[in-house]
Amino acid sequence: ISCIACDFWNYLRPYKVMGSVEDMEAIAEPQLTVAARSRAFVFAAVACLGSFSFGYGVSYTSAISALPQDVQKQYFGDAFSFFASMLTIGAMVGALMCGPVADRIGRKVTGILINIPFVVGYVVIFFARNIGLLIFGRFLIGLGIGSASLLSPLFLAETAPTSMRGMLGSGNQLLISFGVLVGF
């Protein structure tokens, strides 16, 4: 039994928590090449496009909400608050649906598919002739926002090298804020 315990201890030895600096450097991630760092930045930039759409989708109605109440009633009737809240309802549904879909068909394919609600939602809003279509388009954009809020940080965390994970992960919040800025 003691031989088995010694073999097991030697197997775990490189992964011990307390150790010398040399031990920690031996198991640390190797230095990344310029090409690997560039590839990580490209993956992060693509993943953060969903975050930009998130920020823009949340903020683009803010100009409408600043209009006087009588102008809002002229265009929306009493449905403006429902129009604004449909984004949140769509985001809840999108976030709940995105996890299982990403597990089943993969992160990359799901990342491509979450662009469909964004595009269709903006097209519906652009061509809308009544409040019902505006609300439906807003719901579709909410589906995309909910999906992007789950998938973008997940994709960043899974693709970023350990030494760059914090820096690239902060790009998610940076592009949400930039999308809000553009929307205003």
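This is a predicted model: local features need pLDDT of at least 70, side-chain atom pairs count only at pLDDT 80 or more; totals for chains, interfaces and linings use all residues.

Visitor: Why is H8 called roughly antiparallel to H9?

Guide: Helix H8 (residues 115–127) and helix H9 (residues 131–159) pack at an angle of about 160°, and their axes are 8 Å apart. Angles over 145 degrees count as roughly antiparallel, so H8 is roughly antiparallel to H9. The crossing of this pair is left-handed.

Visitor: Which residues make the contact between H8 and H9?

Guide: On H8 they are Pro117, Phe118, Val120, Gly121, Tyr122, Val124 and Ile125. The H9 side includes Leu133, Leu134, Phe136, Arg138 and Ala148. By class, this contact of H8 with H9 has 14 nonpolar, three polar and one charged residues. Gly121 of H8 is part of the contact, and Gly is counted as polar.

Visitor: What makes H9 and H10 roughly antiparallel to each other?

Guide: H9 and helix H10 (residues 165–183) pack at an angle of about 165°, with axes 9 Å apart. The limit for roughly antiparallel is an angle over 145 degrees, and H9 and H10 are therefore roughly antiparallel to each other. H9 passes H10 in a right-handed crossing.

Visitor: Which residues of H9 and H10 meet?

Guide: Ser152, Pro153, Leu156 and Ala157 in H9 meet Arg165, Leu168, Gly169 and Asn172 in H10. That contact of H9 with H10 has four nonpolar, three polar and one charged residues.

Visitor: Which helix gives the most to the lining of the largest pocket?

Guide: H3 does, with six residues. Helix H3 (34–59), helix H7 (107–113), H8 and H9 each supply at least two residues of that lining. The largest pocket holds about 310 Å³ of space and is lined by 16 residues. Val46, Ala47, Gly111, Ile112 and Phe155 lie nearest its centre. The lining of the largest pocket divides into nine nonpolar, five polar and two charged residues.

Visitor: How many charged residues are in the lining of the second largest pocket?

Guide: The lining of the second largest pocket has no charged residues, with seven nonpolar and three polar. Its residues are Gly94, Met97, Cys98, Val101, Thr110, Leu113, Ile114, Pro117, Leu143 and Ser147. Asp, Glu, Lys and Arg are the residues that count as charged, and the lining therefore has no charged member. The volume of the second largest pocket is about 150 Å³. Helix H6 (80–105), H7 and H9 each supply at least two residues of its lining, and the largest share, four residues, comes from H6.

How values were computed:
Residues are numbered from 1 along each chain as its sequence is written. Side-chain values use heavy atoms; hydrogens and water are left out. Axes are lines fitted to C-alpha atoms, for helices over the stretch in contact, and angles run from 0 to 180 degrees between N-to-C directions. Angles under 35 degrees count as roughly parallel, over 145 as roughly antiparallel, 65 to 115 as roughly perpendicular and the rest as oblique. A crossing is left-handed if the near helix is turned anticlockwise from the far one by less than a right angle, and right-handed if clockwise. Contact means heavy atoms within 4.5 Å. On a 1 Å grid over the protein atoms alone, a cavity is a set of points where a 1.4 Å probe fits but cannot get out, and a pocket is an open set with protein on both sides within 12 Å along at least five of seven lines; lining residues have an atom within 4 Å of a point. Grid points are joined across faces, edges and corners, and a volume is the space filled by probe spheres set on the points.
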